[in-house]
Amino acid sequence: MDRSERLTGNADTALERCRACPSKLMQPVQWRRLGEDLWEIDLRCPDCGGTARECVPQEAVARYDQVMRRARLSLERHLEAIERVDPTAERTPYGDPAPDLRILPEDFGPGAEAA
Ligand SMILES: [Zn+2]
């Protein structure tokens, strides 16, 4: 099978878009370089669980890499903003729950329903 028969997309193929739902969060599961300008990528959608296998040129892979790089930077900026709002968030990834949200043993003891 030659390259043109294998291609499922072109340089503009949006690998981040799910084929089964509106999600733009398709994630690479596996990348294989099949040739000088040919990549096979297995993708999975975190929203619907849909999967896809795409064969695309290098340019589409480079474009997808940029999309993921921008998404990671955006995520890092949001996490930094959360840490600025709540400096205690640095102790654990999600911070400790507020005291009134903690689940305590007495929540399950006798009289817990009366509280
Ligand atoms: Zn999906």
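Reader: Which residues are buried in α2?

Author: A residue is buried if 20 or more other C-beta atoms lie within 10 Å of its own, exposed if 12 or fewer, and partly exposed in between, with C-beta atoms placed from the backbone. In α2, A60, V61 and Y64 are buried. This is a predicted model: local features need pLDDT of at least 70, side-chain atom pairs count only at pLDDT 80 or more, and totals for chains, interfaces and linings use all residues. Residues are numbered from 1 along each chain as its sequence is written.

Reader: What covers the buried residues of α2?

Author: Contacts come in here: two residues are in contact if their C-beta atoms, placed from the backbone, lie within 7 Å. The cover over the buried residues of α2 includes β2 (38-44) and β3 (51-56). Take V61: leaving out residues up to four places away in sequence, V61 touches W39 and V56.

Reader: How are helices and strands assigned, and how many does the protein have?

Author: They are DSSP runs, numbered from the N terminus: helices are H or I with at least four residues, strands are E with at least two. The protein has two helices and three strands. Along the sequence the pattern reads α-β-β-β-α.

Reader: How many bridges join β1 to β2?

Author: Seven, and the two strands run antiparallel. They form a hairpin with two residues between them. Two pairs to locate: R33 stands opposite W39, and W31 stands opposite I41.

Reader: And how many bridges link β2 and β3?

Author: Six, again in the antiparallel sense. D42 has R53 as its bridge partner in β3, while L43 has A52. This hairpin has six residues between the strands, and G49 takes a positive phi near 80°.

Reader: Which face of β2 is covered, and which is uncovered?

Author: In a regular strand the side chains alternate between the two faces of the sheet. In β2, W39, I41 and L43 make the covered face. L38, E40, D42 and R44 make the uncovered one. Strand β1 (residues 27-35) is hardly covered: the count of buried residues among its nine is zero.

Reader: Which residues make up the largest nonpolar core?

Author: A nonpolar core is a set of buried Ala, Val, Leu, Ile, Met, Phe, Trp, Tyr and Cys residues joined through C-beta atoms within 7 Å. The largest one has 12 residues: L15, C18, M26, W39, I41, L43, C45, C55, V56, A60, V61 and Y64. β2, β3 and α2 each supply at least two residues of this core. Of the protein's 115 residues, 12% count as buried.

Reader: Is R53 buried or exposed?

Author: R53 lies in strand β3. It is exposed, with 12 other C-beta atoms within 10 Å. Setting aside residues up to four places away in sequence, R53 touches E40 and D42. R53 and I41 are 12 residues apart in sequence, yet 5.6 Å apart in space, C-alpha to C-alpha.

Reader: Why does R17 count as partly exposed?

Author: Because R17 has 16 C-beta neighbours inside 10 Å. R17 is in the loop between α1 (3-6) and β1. Leaving aside neighbours within four places in sequence, R17 is in contact with K24 and M26. R17 and C45 are 28 residues apart in sequence and 8.5 Å apart in space, C-alpha to C-alpha.

Reader: What share of the contacts joins residues 24 or more positions apart?

Author: Such pairs account for 45% of the contacts in the protein with a separation of 6 or more.

How values were computed: Pairing = 2+ DSSP bridges.
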